[in-house]
Amino acid sequence: KAHCAETEKALEDEKKKLDNLDLTFDEVQAIKDEIEALEKQLHEETEEILNEILPEAFAIVKETCRRFVGKEWQAAGATIQWNMIPYDVQLMGGIVLHEGKIAEMATGEGKTLVAVLPTFLNALTGRGVHIVTVNDYLAKRDCEWMKPIYEFHGLTVGVILSEMDSATRKQMYACDITFGTNNEFGFDYLRDNMATSKEEVVHRNFNYAIVDEVDSVLIDEARTPLIISGPVPHSDNSKFEEMKPKVERLVRAQQNLVGRLLADAERYLNEKEKIAKDWEFQAGLALLRAKRGQPKNKKYLKLIGEPGNMRLMQMVENEFLKDNAKEMHKVDEELLFAIDERFHTIDLTEKGRNFLAGESQNPDMFLLPDIGTELAKIQQENLTEAEKQQKKDELYRLYSERSERIHNVSQLLKAYSLYERDDEYVVQDGKVLIVDEFTGRILAGRRYSDGLHQAIEAKEGVKIEGETQTMATITLQNYFRLYKKLAGMTGTAETEAAEFFEIYKLDVVVIPTNKPVAREDREDLVFKTKREKYNAVIAEIEKLRQKGQPVLVGTTSVEVSETLSRMLKARKIPHNVLNAKQHAREAEIIAQAGQKGAVTIATNMAGRGTDIKLGEGVKELGGLFILGTERHESRRIDRQLRGRAGRQGDPGVSVFYVSLEDDLMRLFGSERIAAIMDRFGHQEGEVIQHPIVTKSIERAQRKVEEQNFATRKRLLEYDNVMNQQREIIYARRRNALFKDRLRLELFDLLRDYADQLATKYYDNVEIDQLREQLLRELSVEISFTEQEWQKLGKDGIADKIYQTAAEFYKRKEEHLGSDMMGRA
């Protein structure tokens, strides 16, 4: 503090200068520039001092950890006994974090302890440190786990949890160190900028943040912006109920159509030249139509898995995709609606519109009127202006009604065809709850936008909640850019190093492990169907259980975890299930997962921030066995799952069981793999394990990662435009709320207003109109002669408007007092 005192004093002096109302616009701008330069200088001086005392601060933390060995306290409902002293590699990790970089550290290397070192150092400034975790459980656990270390040195520690009120949150943010999730920190920022009194504002400043599992927060979750919604007045949810039975009949009709297409495909494939010379094209076309009509149809998946069929269909698809897919409509016109599963879109075809219109006995139900043509017709009619306007209003109403109906049908079709219960969402207590595809956890309070959530609620027969509208929004990228210094840690960042630097200007530094990794990562085992794969998984679990080796079975959805659980129950194999529905026992299940003979089935919930410790005698059996039942679309999620085994030099094994029916394989990767299987003459029940297959799967994952990066980049580009406005409006709003340089903001606005009026009225010498507007809007009397008008020029008139209004404000302030004016 003493080292920075001079700069801090200079900064305060400059801020006081802004209270002088007699400053010119240029003088104000010069002071603002000086304040910005002094703030930058203060940050640099602080960093210089922190770098200087870093060895001493880190040594203090290490010695504190040594003295705490053997002590016990409660963390996340469990008693923990302190037994950690930072290794040299952990000290390296701490330096990387202090420098505002990303430290990639393998699982079990003690990232939570690493964060203590730079957190302690940076908390000494008194400006606050935020530790960002992926969920409430980890925020609470890490806070309670590390709190005694910080408190021993007089630092205050708080945690932000979802159920807390504003007053409690404010206390937590006032602490030297605050733990919480990215959502809680981000939503608090948005709520602060919607606050109507300064007492409601909870954040203080954005000094330094360490993001745990930084790739999950800054990359995986960055595809979805943070949005605070409010109810839409007079929203009508009955339209989803009204269209639901019609859409259900449409979906059933499409299922029957796909059934007939698959029967045709089977006939062509079995009889070949007997029924058509171009049997290959006809079979491929029927399969392609089935794919675009119902891509998850079981019979279609079985047929496409047979040798040669996938290549046959893709050959036909490539033919129709030529010249920007201009012929693709010929494939889709036979269907009622076309699904593009890869891009998550659905298009209602002409045939589908006619089907729905026939259901309603109204042929024009889905026909959008051509607004331009219809308006031209109305203009030519022999009607009064009032009658023409009435007809136009009726036309706009009809267009709005029909376009909303088409939108509702489209969302209902998405709900029935692309969103599956216990996969993308779960239903609990009569509510549709979204499941995070990356963490496997329920996203409390999140809803799908554009009426999709209401469509899913209608599909599931639960209460349809009211429509919402966006009140405030920010992307995670732009939220984390608010911090003066940002750092992160994870076990998997290297694959996304380019994106971290491009978006956040964060370097990735790989920290070596304390002991060499002894885990055996096996090649993927590829099966033809999901049924074969699940049977092989159960057989492997049974074999491992007999041996006594603990196994963690990783799944990508709630549905798969429950399917495997039912299969294990049928074989009377005791096991634990950890998914979005059973998250309450998370700590207990994870604690038992490394014990002898333990079988744990888990979604991605067990992939991050959880440390599975091996029970007695397990090392001798080969350590923890990781059995992934499907490759995730992100390689990092797979690496996180593998990383649950082999911590701190422990033995372990990891392997993925994959089938050609898995979503990733169907959508992005199976063409090459299907060709390999055809070449090897693959028979049902057989398994392929080959480096070429593993590389093909990773290629498919890279395709998805590139697609997701493009989505995140587009989202950020859109938000950057809004962010410029957001920063200006939020800064002005905050100044008004805290009466901080409010008069200055007011006079800035007054200057802009004066310039606008001068520009508006000068050229046509509209002196009376200017006088009227100033009287009406500011209650200010001003007059010019024509000679004055010409002599002053546009800039001079703007100056006179500004000076007259400023003098009027000062007189009013003298009369009412500055407090009253601030409140007004």
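Is serine 417 buried or exposed, and at what relative accessibility? Serine 417 counts as buried because its relative accessibility is 17%, where buried means under 20% relative accessible area, exposed means over 50% and partly exposed lies in between (1.4 Å probe, protein chains only). The model is predicted, with local features requiring pLDDT of at least 70 and side-chain atom pairs counted only at pLDDT 80 or more, while totals for chains, interfaces and linings use all residues. Residues are numbered from 1 along each chain as its sequence is written, and side-chain values use heavy atoms, with hydrogens and water left out.

Serine 417 is placed in helix 16, which covers residues 385-417. Helices (H or I, at least four residues) and strands (E, at least two) are DSSP runs, numbered from the N terminus. When residues up to four places away in sequence are not counted, serine 417 touches Phe337, Ile339 and Ile346, contact being defined as heavy atoms within 4.5 Å. Between serine 417 and glycine 293 the C-alpha to C-alpha distance is 9.3 Å, although 124 residues separate the two in sequence.

Threonine 119 belongs to helix 4 (residues 111-123). Its side chain reaches the backbone oxygen of alanine 115 at 2.5 Å. With neighbours within four places in sequence left aside, the contacts of threonine 119 are Val129, Ile131, Tyr150, Ile177 and Ile210.

The domain assignment, which is automatic or taken from a database, divides the chain into domain 1 (1-54), domain 2 (69-227 + 478-510), domain 3 (237-418), domain 4 (425-466), domain 5 (519-689) and domain 6 (742-822). The C-alpha centres of domain 2 and domain 4 are 29 Å apart. Contact between these domains involves eight residues of domain 2 and six residues of domain 4. About 630 Å² is buried between domain 2 and domain 4, with carbon and sulfur atoms giving 46% of this area. Buried area here is the accessible area (1.4 Å probe) that two parts lose on being put together, summed over both. On the side of domain 2, Asn135, Asp220 and Arg223 lose the most area to domain 4, and together these residues give 47% of what that side buries.

Zero residue pairs in polar contact (both at pLDDT 80 or more) are found across the interface of domain 2 and domain 4. A polar contact is a pair of N or O atoms within 3.5 Å; within protein, one must be able to donate a hydrogen and the other to accept it, and residues adjacent in sequence count only if both atoms are side-chain atoms. The residues on the side of domain 2 that touches domain 4 comprise one nonpolar, four polar and three charged. In this classification Ala, Val, Leu, Ile, Met, Phe, Trp, Tyr, Cys and Pro are nonpolar, Asp, Glu, Lys and Arg are charged, and the others, Gly among them, are polar.

Helix 17 (residues 452-460) is mostly covered, with nine of its nine residues buried. Among the buried residues of helix 17 are Leu452, Ile456 and Lys459. The cover over these buried residues includes helix 9 (238-271), helix 16, strand 11 (425-428), strand 12 (431-434) and strand 13 (468-474). Just after helix 17, glycine 461 has a positive phi of about 70°.

In the whole structure, 48 salt bridges are found. One of them joins the side chains of glutamate 502 and lysine 713 at 2.9 Å, N to O. Glutamate 502 lies in helix 19 (residues 497-504) and lysine 713 in helix 25 (residues 691-738), so the pair ties together parts that are 211 residues apart in sequence. Glutamate 502 is partly exposed at 36% relative accessibility, and lysine 713 is partly exposed at 29%.

Lysine 101 and glutamate 99 also meet through their side chains in a salt bridge (3.4 Å, N to O). Lysine 101 counts as partly exposed at 25% relative accessibility, as does glutamate 99 at 45%. A further salt bridge links glutamate 788 with lysine 800, with the closest N and O atoms 3.5 Å apart. Finally, Arg169, Glu184, Asp188 and Arg191 are linked in a salt-bridge network.

Technical notes: Salt bridge = Lys/Arg side-chain N within 4 Å of Asp/Glu carboxyl O.
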